[in-house]
Amino acid sequence: MIKTARLLPAMLATLLVLSACKGNKNNTPALAADTTSFVDTTAAEQVTDSTIYGKASEDFGMSTFGMITDDGDTLNVCRTANDGTDAKIYGSIKYDDRYAMTTRDNGESLGVLINLTELDKKLKNYEIRNGHLVVNGDTVPVENYLK
């Protein structure tokens, strides 16, 4: 009797598991790996550019950066993010130089800062997209032109 009491729940559990499997096999053959496929960059290209353009204001120091945007807004941001990481700054910081900037932490911290005044002296045909340097349609390291 005791063996039957233990065996019955085990059998019920087994039946429950087996009945959950529907045996619905997909008879379509597996697709061969396509080695000629390409990466679709359309989604990446459609991301709105978050770069802010303007000139450095007099309000910058060792831990802050101030900019007057092309729209006339004044922005003051920290050079260190809330998580403790430093901003990526390319080129020197000089009053009235032109910059491309991205922010972090809801606009409170500097993400990437690129000195466009210095970059213009080294490179003529380029774009800045979301803090990245794009030359002839290819993203290239800013470090190739500015330190």
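How many salt bridges does a search of the whole structure find? In this predicted model, the search finds three. The legends below take them in turn.

**Figure 1. Salt bridge between Arg98 and Asp70.** The two side chains meet with an N to O distance of 2.9 Å. Arg98 belongs to strand E5, residues 98-104, while Asp70 sits in the loop between strand E2 (64-69) and strand E3 (74-78). The pair links distant parts of the chain, its members being 28 residues apart. Arg98 is partly exposed, at 29% relative accessibility. Asp70 has a relative accessible area of 51% and counts as exposed, because the cut-off for that class is over 50%.

**Figure 2. Salt bridge between Asp83 and Arg104.** The closest N and O atoms of this pair are 3.0 Å apart. Asp83 lies in the loop between E3 and strand E4 (88-90) and Arg104 lies in strand E5, so the contact ties together parts of the chain that are 21 residues apart in sequence. Asp83 is exposed, with a relative accessibility of 52%. For Arg104 the relative accessible area is 31%, and the residue is partly exposed.

**Figure 3. Salt bridge between Arg129 and Glu127.** Here the closest N and O atoms are 3.2 Å apart. Arg129 is partly exposed, at 36% relative accessibility. Glu127 is also partly exposed, with a relative accessible area of 39%.

Terms used:
Residues are numbered from 1 along each chain as its sequence is written. This is a predicted model: local features need pLDDT of at least 70, side-chain atom pairs count only at pLDDT 80 or more; totals for chains, interfaces and linings use all residues. Side-chain values use heavy atoms; hydrogens and water are left out. A salt bridge is a side-chain nitrogen of Lys or Arg within 4 Å of a carboxyl oxygen of Asp or Glu. Helices (H or I, at least four residues) and strands (E, at least two) are DSSP runs, numbered from the N terminus. Buried means under 20% relative accessible area, exposed over 50%, partly exposed in between (1.4 Å probe, protein chains only).
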